[in-house]
Each structure stands twice: as structure tokens, then as C-alpha cells.
Amino acid sequence: MKLVLKSVLFICAVLLLISFVKFGKKENIHDTTSKNKMIFAHRGLPNLAENSWDSFEQSKVLGFKSIETDVQMSKDHKLLIFHDKNANRLLGIEKNINELKWSDIQKHNIIHNSKATTQKTLSLEELLKESSQFDHIYLDIKSTNKSIADSLIALLNKYQTYDNVLVADANILFLAYLKYHNPKIKTVLEGFNKGKEWAYYLIPQAVEPNYLASFYSEVDESHIDFLKKENLLERKIVYGIDKYNTQKAIEIGLQHLIVDYHSDVAPLLFKE
């Protein structure tokens, strides 16, 4: 019965969303934050504990002005910086992160390369307090529900981090909820892949995401042509950038990159 009710509510939400859609070419209503390139360190640096404060700080030393990170919610509704659904790899606890209270999570240091480090899991609030240290912070929301959305809105409102924090997810209804409650919140629609360009025209302009994201492997020539035609290239963010594809990504015009750092890419990324 619950599954049927959820399905009905979802269909109603989709129909309501579509009822606000204006088909055809859309006006670009977003200031794309900055004409400058956004180069994000993916979870910080690969040689340090991922999503740790040490990793974020050291990424700045290497030239990164922005970071990408992940957001989960603990059992007691604390938003925290953590990638995995399960806590075993990073904390050595064989439970899902949403089954653990914040106090329990704080008893364990982050594990890197199978060894415990000195770093603790950060709360989202701790990171937002220091958000001015970065040009941009990309928050990849790993699971979505109303509780997470409301907690996120409350923190962003508390610290007024509208200019440099980007909230990213593949759930357009989640992003629309954030925009509806505070249009100042900058959102990123993930999963905007090659072959899905048509979906852009279904997004109501009032809740349209500021940016569109996908993995580099999901970008082809026709996708780039579409982005250029719709003046969306400056609003495209691309994951999966590494030492093998950085040069090509830059050559085809991609500006906003989420990078798995390697010393070979530094001259390409930070030459300006």
C-alpha cells in the first residue's frame, strides 16, 4: 500500500512539474557565477584522506581554488561530509552511515589506504563555516529526502553561502524543492548526459538548475554542439577528469572540471 501511495505521489509531482513547463528555446536566466573556470579537487587530493580538512587545505596549496565533496545524513539527522553509503571502507564500521549517530562517527578516524589517519569526518556545518576559504564548494548529495533538503536549506540560510556553494544531485524534484524555498541556492543537475539533451526543455524555468553536470565519458561532439547552441557550455560541469583526458576536455571547450589530481595535470589546469 505504501509503495502504491509513493508511486501515486511521484506521478502527481511529475505531472505538476510538467504542467509548468514551457517548451521550446529557453531564456538563459542564470548568472553563471563567474566567467572564470571552476576547477574542483575531487574529494580533495587522492594521496590524503578523502573529504578531510587536511586534504581540502592541501588542494589549495597545489592551486585548486574549489573543492568537490559529498554529503550524507547520520542517524540523528546530522549532515556530514562522507562519500560511501557504508562506513566500512572509510571508518572501519560495518554499518551504513545513516545507521550511525554523529557521536559514534566522531569516535573513528578516517581510513586512507587501509590505515587510520589523524583526520575526523567533517560535518557540513564545519565546512560551511570555512566556505570563504574556497571560491566554490560543490556538494554532491548522496541521498535525498525532505529531511535532508530542509536541513540543507537551514544551513545554507544560516551561513548565507549562496554565492560559492553548489548543491548537486540527479533528482530534479529535490533540486526544485530547494529552489522553491530559496531561489538564491545554486543547484546542479547531475546525470545530464549525452542523449538526454531533450530533458532540458522539460525543466520549468522557475526552478531551472544553475549548472548541468555529467561524467566526461557522457560527453560527445553532439552534446557539445547542443550546449553551444543553447548557450549552456558555461553552465556545464564535468566529472571524471584525470591525467588521461584533461587536455582533450580543455580542447573541446569544457571549462568547469572536477579533477582527480595528478602532477601531470597541474601545468594544464593552473597555467593561467
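Biologist: D70 and R43, buried or exposed?
Modeller: In this predicted model, D70 is buried and R43 is buried as well.

Biologist: What do their side chains do?
Modeller: D70 and R43 form a salt bridge, at 3.8 Å from N to O. The two come from distant parts of the chain, 27 residues apart. D70 belongs to strand β2, residues 66-73, while R43 is in the loop between β1 and α2.

Biologist: How many salt bridges does the structure hold?
Modeller: Ten.

Biologist: Which residues are linked with R43 and D70 in a network?
Modeller: The salt-bridge network links R43, E50, D70, D84, R89, D140 and K142.

Biologist: What about R89 and D84?
Modeller: Their side chains meet in a salt bridge, with 2.7 Å between N and O. D84 has a relative accessible area of 14%, under the 20% cut-off, so D84 is buried. R89 is partly exposed, at 42%.

Biologist: And D140, which residue does it form a salt bridge with?
Modeller: With K142, where the closest N and O atoms are 3.4 Å apart. D140 counts as buried because its relative accessibility is 7%. K142 has a relative accessible area of 33% and is therefore partly exposed.

Biologist: Switching to strands. How many residues of β7 are buried?
Modeller: Five of the five, so β7, residues 165-169, is largely enclosed by the rest of the structure.

Biologist: Which ones point which way?
Modeller: V165, V167 and D169 point one way from β7, and L166 and A168 point the other way. In a regular strand, side chains alternate between the two faces of the sheet.

Biologist: Which strand do four bridges join to β7, running parallel?
Modeller: Strand β6, residues 136-141. I137 has V165 as its bridge partner in β7. Helix α6, residues 146-159, makes a right-handed β-α-β unit with β6 and β7.

Biologist: And what about β7 and β8?
Modeller: β7 pairs with strand β8, residues 186-189, in the parallel sense, over four bridges. D169 stands opposite L189 of β8. β7 and β8 make a right-handed β-α-β unit with helix α7, residues 172-181.

Biologist: How do β1 and β11 pair?
Modeller: In the parallel sense, over three bridges, with β1 spanning residues 39-42. I39 is the residue opposite L257.

Biologist: And how do β10 and β11 pair?
Modeller: Strand β10, residues 236-241, also pairs with β11 in the parallel sense over three bridges. H256 in β11 is the bridge partner of I237. From β10 the chain crosses through helix α9, residues 246-251, to β11, in a right-handed β-α-β crossover.

Biologist: Rings next. How many aromatic pairs are there?
Modeller: The structure holds ten aromatic pairs. For F40 and Y138, the ring centres are 5.6 Å apart and the planes are at 70°, so that pair is edge-to-face. F40 lies in strand β1 and Y138 in strand β6, 98 residues apart.

Biologist: Are F40 and Y138 buried or exposed?
Modeller: Both are buried.

Biologist: What about F215 and Y239?
Modeller: F215 and Y239 form a tilted aromatic pair, 5.3 Å centre to centre with 40° between the planes. F215 is in strand β9, residues 211-215, and Y239 is in β10, so the pair ties together parts 24 residues apart in sequence.

Biologist: How accessible is each of those two?
Modeller: F215 has a relative accessible area of 49%, so F215 is partly exposed. Y239 is at 7% relative accessibility and counts as buried.

Biologist: Which residues form one aromatic cluster?
Modeller: F40, Y138, F215 and Y239.

Biologist: Last one. What lies over the face of F134?
Modeller: K60, at 5.5 Å from the centre of the F134 ring.

Conventions: Residues are numbered from 1 along each chain as its sequence is written. This is a predicted model: local features need pLDDT of at least 70, side-chain atom pairs count only at pLDDT 80 or more; totals for chains, interfaces and linings use all residues. Side-chain values use heavy atoms; hydrogens and water are left out. Two strands pair if DSSP finds at least two bridges between them. A crossover is right-handed if, with the strands pointing away from the viewer, the path from the first strand over the helix to the second runs clockwise. A salt bridge is a side-chain nitrogen of Lys or Arg within 4 Å of a carboxyl oxygen of Asp or Glu. Buried means under 20% relative accessible area, exposed over 50%, partly exposed in between (1.4 Å probe, protein chains only). Rings of Phe, Tyr and Trp (its six-membered ring) pair if their centres lie within 6.5 Å; planes under 30 degrees apart count as stacked, over 60 as edge-to-face and the rest as tilted. A charge sits over a ring if NZ of Lys or CZ of Arg is within 6 Å of the ring centre and within 35 degrees of the ring normal.
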